[in-house]
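Take a walk through this protein model, one region at a time. Keep the structure open as you read.

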Amino acid sequence: MPAEDITGDLVGRGVLDNRADTVAGLIDQRAGENAEGLRFEGASWTWDEVVTQMQRRATLLTELLPGGAPRHFGVLLDNVPEFLFLLGGAALSGAVLVGLNPTRRGAELERDIRHTDCALVLTSPDHAPLLDGLDLGLAHDAVRDVEDAAWQEAMAGTDPAAPVPVTIEDLLLLLFTSGSTGAPKAVRMTQGRAAATARRMWFSPDDVLYCAMPMFHGNALVSTVLPAIGSGATLVMKRRFSASEFMADVRAHGVTFFSTVGRALSYILAVPETPEDADNRLGVVLTPESSPDDMAALQERFDCYAVSGYGSSENAVILAPQPGLPEGALGTPLEGTDAAVVDPDTLRECPRARFDEHGRMLNPDEAIGELVGRNVLERFEGYYNNPEAEASRTRNGWYWTGDLAYRDEDGVFFFAGRTNDWLRVDGENFAAAPVERVLSRYPHASAVAVVGVPDERTVDDQVLAILEVDDPTTFDPPSFDAFLDQQRDMGTKWSPRYVRVVAEMPMTATNKIDRSALRRSGWDADDPVYWRPDRRGALQRMTATEREELRRVRATRQR
């Protein structure tokens, strides 16, 4: 299918009249279907068999979660069939599934479970030890192992339940944000929004959707799992993401669609090429937060179409890609969405970005602001038990994304970082993302992050660039400085004063660079660090004496 047709289907195809308005209704439509619904590690279920398993979970959840208290249950599992069956069981029984992140530990995981009022936690032997010693406030039998004999026997002996009446306003999911714009927040997703998400994609029963991104996160559920339920496509589940097995799975299963997020695409592309790479059924790959270079490489190597765009767990502002947009563009708003880039202090819309002949932005101070939706509050269903975060997102009757952006003269939006990615150097404000786009051209770096660190002499920031290279000991400061000199679109204040070279970036569970961790450590880390003692001078290795002096100065300023 031509790229133009695919993109049109992605963003403009209407909802079929005979589709249900709730996830429970969508599941009911799959009942009786003998088409293959699920594949996992050599096993297979028809959609009718999947629905039967969901109905059995609904029966058990009704018994385990009586009315009165919040009927919330946490799921601490890998991508396994039980996760899908429990999702359906929640939809059919009116319970609420809370997706728990297994990379969270100790007090953070305890906080997630207590904050969302889980009355039950379902887990597996791999993840159960994460709960040891935590004060979850649960009854002694409220943590269940879904792989043990008792659970399996209960499932085998449970009669499938008829669905209870649910409405589009009934809560179905609590999904934690990735934490890239602050502490993770539990996003509410109702039956109605989840069903609308399932219908938004263009899939048919002939499609095969590959789910390797974690199901506790919105990316997998919104792009793949819920649309499979809504369309009757075949869902192929992968227990955990594996770059080395990814394309072999895609070919073996005849996959037509998969979604990645963050750096997952770069890991796939790092696997050595084979003559069979283009021998696949792929049509579209969803690649939010991937670099333009990686997207182009994916399309050429695997003969498919890569789509990025912009969205979030909150689902309020969606920017759709279109063919022919400039490199790195997020896209344009869906029809009917009033999206804008505004100055949060004045509430005025920022002027459009202007560029010189080298592509350097001429007015970043005035063009970069926060991305807001001015008529989308009804799409935002709120955060669970977090009125402060809700109020922050809904100021002035608008939805504030927490992301920085700018807009060109043609109305196309570009990402400029998170609101905490603003830097102020020598009195000039700019965002981290445009600097990262320039530094990502450095041929020896597989990933780049830019954060601000305190200036030891003023209240402003200094630029710290973190470069991921295969062998940090091979980093050559003169060649990096020469590279910087050749970048004609490098802003006058953007050149990093500090450079930290790492073998591997810290990552979140959803394959995003953990910038919060990088900000906390800054240049004071065990990795090789280079700096410019003379701010206009050459980059050189930071000595132990220099590091200690900078620590002393920083401590003095923090008093």
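Two strands pair if DSSP finds at least two bridges between them. Helices (H or I, at least four residues) and strands (E, at least two) are DSSP runs, numbered from the N terminus. This is a predicted model, in which local features need pLDDT of at least 70, side-chain atom pairs count only at pLDDT 80 or more, and totals for chains, interfaces and linings use all residues. Residues are numbered from 1 along each chain as its sequence is written, and side-chain values use heavy atoms, without hydrogens and water.

Strands of a sheet pair through backbone hydrogen bonds, either parallel or antiparallel. Start with an open sheet of six strands, in the order 14-15-19-18-17-16, with antiparallel pairing. Its edges are strand 14 (319-320) and strand 16 (339-342). Each has a single partner strand, so one side of each lacks a neighbour in the sheet. Inside the sheet, strand 15 (residues 329-333) and strand 19 (residues 413-418) run antiparallel, joined by two bridges. Here Gly-331 stands opposite Phe-413 in strand 19. Helix 14 (residues 432-439) lies across strand 18 (399-407) and strand 19, at about 105° to strand 19. Axes are lines fitted to C-alpha atoms, for helices over the stretch in contact (heavy atoms within 4.5 Å). Angles run from 0 to 180 degrees between N-to-C directions.

The order is 2-1-10-9-11-12-13, and the pairing is mixed. Strand 2 (43-46) and strand 13 (305-307) are at the edges; each has a single partner strand, so one side of each is without a neighbour in the sheet. From one strand to the next, the twist averages 20°. Strand 9 (residues 208-211) and strand 10 (residues 234-237) are parallel, with four bridges. Val-208 stands opposite Thr-234 in strand 10. Helix 3 (residues 47-64) packs on this sheet, touching strand 1 (36-40) and strand 2, and makes about 85° with strand 2. Helix 11 (residues 292-302) lies across strand 12 (284-286) and strand 13, at about 155° to strand 13.

Next, look at the rings. The whole structure holds 21 aromatic pairs. Rings of Phe, Tyr and Trp (its six-membered ring) pair if their centres lie within 6.5 Å; planes under 30 degrees apart count as stacked, over 60 as edge-to-face and the rest as tilted. The ring centres of Phe-475 and Tyr-530 are 4.9 Å apart and the planes are at 55°, so this pair is tilted. It links distant parts of the chain, 55 residues apart: Phe-475 is in the loop between strand 23 and helix 15, and Tyr-530 is in strand 25 (residues 529-531).
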